[in-house]
Amino acid sequence: MARDLEVAILFADVVGSTQLYDKFGDTKASETVAHCLEIMKDATAQFNGTVIKTIGDEVMSTFPSVDEAMGAASQMQQTISSGDNEIQVSIRVGCHFGPVVEEQNDIFGAAVHTANRMTSQAKSKQIIISGTTVEKMSPDWRAQTRQIDVATVRGRLDEVALFEVLWQPDEATSIC
């Protein structure tokens with residue numbers, strides 16, 4: 001039976017995974033991607049999230065609040081960029097808060113597409129969120145965001161404000 005919910009939808013994916021396979025071979029690349037997926041799943045669980053699914057080198061998760069999603073996203077970025085992998089990799093993260101329909105352990109709706117679009121706007125080591133997501137943040141997290149663009153999102157009539165979440169402490173102080 002379908003349920004209507006409002007959640008933070010987060011997508012995190014490994015940047016340049018195709019090149020990893022070309023450069024390091026299938027075994028080493030797949031081990032590296034699997035390690036990243038485990039880090040993303042662990043961070044999701046630690047911040048009260050639910051992994052909806054993994055799609056290749058990407059995780060889709062939901063969180064009851066934006067702050068929990070940002071805690072997980074920040075931890076994912078910090079752990080993966082810390083370089084404890086034999087092969088250096090990075091991820092990009094996108095998030096949007098909005099209504100979804102949950103059915104058979106999956107989620108559907110325009111908010112899911114918007115969250116995915118935030119990820120496609122992100123570059124390596126970035127967390128990109130929508131303006132409506134910023135409005136749902138605590139003041140502490142809101143202080144770590146900056147608007148970087150406005151984009152047209154496929155399937156939406158209005159433009160969406162894009163914000164970057166500054167997850168590295170030195171970044172947050174450099175923009176003040």
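Modeller: In this predicted model, the side chains of Asp 106 and Lys 53 meet in a salt bridge, with 3.1 Å from N to O. The pair links distant parts of the chain, since Asp 106 belongs to strand β5 (residues 106-108) and Lys 53 to strand β2 (residues 50-55), 53 residues apart.

Biologist: Is Asp 106 buried or exposed, and what is the relative accessible area of Lys 53?

Modeller: Buried means under 20% relative accessible area. Asp 106, at 15% relative accessibility, therefore counts as buried, whereas Lys 53 is partly exposed, with a relative accessible area of 32%.

Biologist: Which residue meets Arg 146 in a salt bridge?

Modeller: The partner of Arg 146 is Glu 164, and their side chains meet at 2.9 Å, N to O. Arg 146 lies in strand β7 (residues 145-152) and Glu 164 in strand β8 (residues 159-165), so this pair ties together parts that are 18 residues apart in sequence. Glu 164 is buried, with a relative accessible area of 6%, while Arg 146 counts as partly exposed at 32%.

Biologist: Where do Lys 41 and Glu 38 lie?

Modeller: Both residues lie in helix α2 (residues 26-46), three residues apart, which is about one turn of the helix. Lys 41 forms a salt bridge with Glu 38, the closest N and O atoms being 3.7 Å apart. Lys 41 is partly exposed at 29% relative accessible area, and Glu 38 is partly exposed at 39%.

Biologist: How many salt bridges does a search of the whole structure find?

Modeller: The search finds four salt bridges.

How values were computed. Residues numbered from 1 in each chain as written. Predicted model: local features only at pLDDT ≥ 70, side-chain atom pairs only at ≥ 80, totals over all residues. Heavy atoms only, no water. Helix = DSSP H or I, 4+ residues; strand = E, 2+ residues; numbered from the N terminus. Buried < 20%, exposed > 50% of the residue type's maximum accessible area, 1.4 Å probe, protein only.
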